[in-house]
Amino acid sequence: MRESTITNLPGYDSATLDQEFARLERQVDEERVMLRTDEAREAFRVHWLGRKQGKLKAISDAWVKGAPSDRKGAVGQRFNELKTKIEAAIVVAQINPLLARMSPEEKAVFTGSAQQMLAEKLKEQQQAKKLDITLPGTSQRTGVEHPLVKTMAEIVSVFQRMGYSVGLGPEVESDFYNFESLNFPPNHPARDTQDTLVVGDQEKKPLRERLLMRTHTSPVQIRSMLEQDPPLRLIIPGKVHRNDAADATHSPVFHQVEGLCVDTNITFSDLKGTLDNAMKAFFGSAVKTRFFPSFFPFTEPSADVQISCIFCGGKGCRKCKQSGWIELLGCGMVDPNVFGAVNQRRIELGREPVYDTRRISGFAFGMGVDRITMMKYGISDIGLLYSGDMRFLEQFA
Ligand SMILES: [Zn+2]
């Protein structure tokens, strides 16, 4: 290796710079062909790139830092090219022994991707040469929450303030978690493949193990009760899937927020009080709620919940079809069969069947996030929420 001493440049004009850097590049070329051992390669690296005594460090100190301010760019650019050349020489010395062991096909693939990387590196350098610091910069645009995510987070936070913790689960579920454990009889219409998107080629598996895209967030209730003993207060936000044709009010992908509360002495009054409180927290204290009998397989008794119209205050308007009320939620007391399925599964998993209906009871509720979002922001077509159209989304920034 040659002496590392670097003397000051005779001048900073382009011709002198080209000449001096060409001399250094010739040195690199002479040395790189001799890098046949690990020791030689390491000595080459230390000689050029060593942090304290390396030649590049000396060049940087003497030529780059010492340059008149209007020539700094010209020196820096040549300096960077020299550095790239040295780094490339080290990489090539490292991969040469590997290349020698490769088949011609492997070599072709390998050198192909290496050439591509090199081309990209060169392109970066070309662009760096064109850099004009007097041009205005490109500003990074700040992102905002999608209206669906925002609504979902707001609903979740209302319940978090009431002591609920967040539960999450997979979007690909088994029939057991999505249907069987939630008291859906085998021929229930919701199991029909018209409504459910199923994973193919599973006819050989027992029904309860077959995979599908979850049609509601309720499987997370079951998963949570298998993991945790009562008392339990959970709020479950998530994406769900159904085989629905897309139109102004339907999308094959949509969002739900679901809640579950299990403890001793939980009654329907607790359910009514909880939802009334939550709706007032979310829509404002003037909002009223009312409950109507309904049916869900996993709750008994079940109810639909309406809130007084948030647009007209209950007087009647176009949005509430002159009724003064808007239907918003489904809810009910957890069906004892659901607790039974949880206990049965807990026994199979070697866990204590602690969801004993003589000791505990619970309620559950669920709502569609998309519908609430559309109502809140006056969106008439659900498809807009999934279009990714910036002109639409920017309105909510
Ligand atoms: Zn109204």
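Q: Which domains does the domain assignment of the chain give?
A: This is a predicted model, in which local features need pLDDT of at least 70 and side-chain atom pairs count only at pLDDT 80 or more, while totals for chains, interfaces and linings use all residues. Residues are numbered from 1 along each chain as its sequence is written, and side-chain values use heavy atoms, with hydrogens and water left out. Domain bounds come from an automatic or database domain assignment. For this chain, that assignment gives domain 1 (14-101) and domain 2 (147-396).

Q: How many Å apart do the C-alpha centres of domain 1 and domain 2 lie?
A: Domain 1 covers residues 14-101 and domain 2 covers residues 147-396. The distance between their C-alpha centres is 64 Å.

Q: How many aromatic pairs does a search of the whole structure find?
A: Rings of Phe, Tyr and Trp (its six-membered ring) pair if their centres lie within 6.5 Å; planes under 30 degrees apart count as stacked, over 60 as edge-to-face and the rest as tilted. When the whole structure is searched, the number of aromatic pairs is 13.

Q: Which helices hold Phe21 and Trp63?
A: Helices (H or I, at least four residues) and strands (E, at least two) are DSSP runs, numbered from the N terminus. The pair joins distant parts of the chain, 42 residues apart. Phe21 belongs to helix α1 (residues 14-32), and Trp63 belongs to helix α3 (residues 55-64).

Q: Is Phe21 buried or exposed?
A: Buried means under 20% relative accessible area, exposed over 50%, partly exposed in between (1.4 Å probe, protein chains only). With a relative accessible area of 3%, Phe21 is buried.

Q: At what angle are the planes of Phe392 and Phe396?
A: Phe392 and Phe396 are both buried. The centres of their rings are 5.1 Å apart. The pair is edge-to-face because its planes are at 70°.

Q: Which residues do ring pairs link into a cluster?
A: Some ring pairs share members and form a cluster. The residues linked in this way are Phe159, Tyr164, Phe363 and Phe365.

Q: The charged end of which residue sits over the ring of Tyr177?
A: A charge sits over a ring if NZ of Lys or CZ of Arg is within 6 Å of the ring centre and within 35 degrees of the ring normal. Arg345 lies over the face of Phe176, at 5.5 Å from the ring centre. Over Tyr177, 4.0 Å from the ring centre, sits the charged end of Arg223.

Q: Which residues are the protein donors of the zinc ion?
A: Donors are N, O and S atoms within 2.8 Å of the metal (3.2 Å for Na, K and Ca); water is not among the atoms, so sites may look incomplete. Along the chain, the zinc donors follow the spacing C-x2-C-x4-C-x2-C. Lying 2.2 to 2.4 Å from the ion, each through its SG atom, they are Cys309, Cys312, Cys317 and Cys320.

Q: Is the site of the zinc ion tetrahedral or irregular?
A: Four donors count as tetrahedral if all angles lie between 85 and 135 degrees; four count as square planar and six as octahedral if opposite donors are over 155 degrees apart and all others between 65 and 115; anything else is irregular. The angles among the 4 donor atoms of the zinc ion are 106 to 113°. The site is tetrahedral.

Q: What is the relative accessible area of Cys312?
A: Two of the zinc donors are Cys312 and Cys320. Cys320 counts as buried at 4%. Cys312 is also buried, with a relative accessible area of 15%.

Q: Where is Pro231?
A: The peptide bond from Pro230 to Pro231 is cis, with omega near 5°. Pro231 is placed in the loop between α8 (219-227) and β4 (232-241).

Q: Is Asn265 buried or exposed?
A: Although Asn265 is not a glycine, its phi is positive, at about 60°. The residue is found in the loop between β5 (253-263) and α9 (268-283). At 67% relative accessibility, Asn265 counts as exposed.
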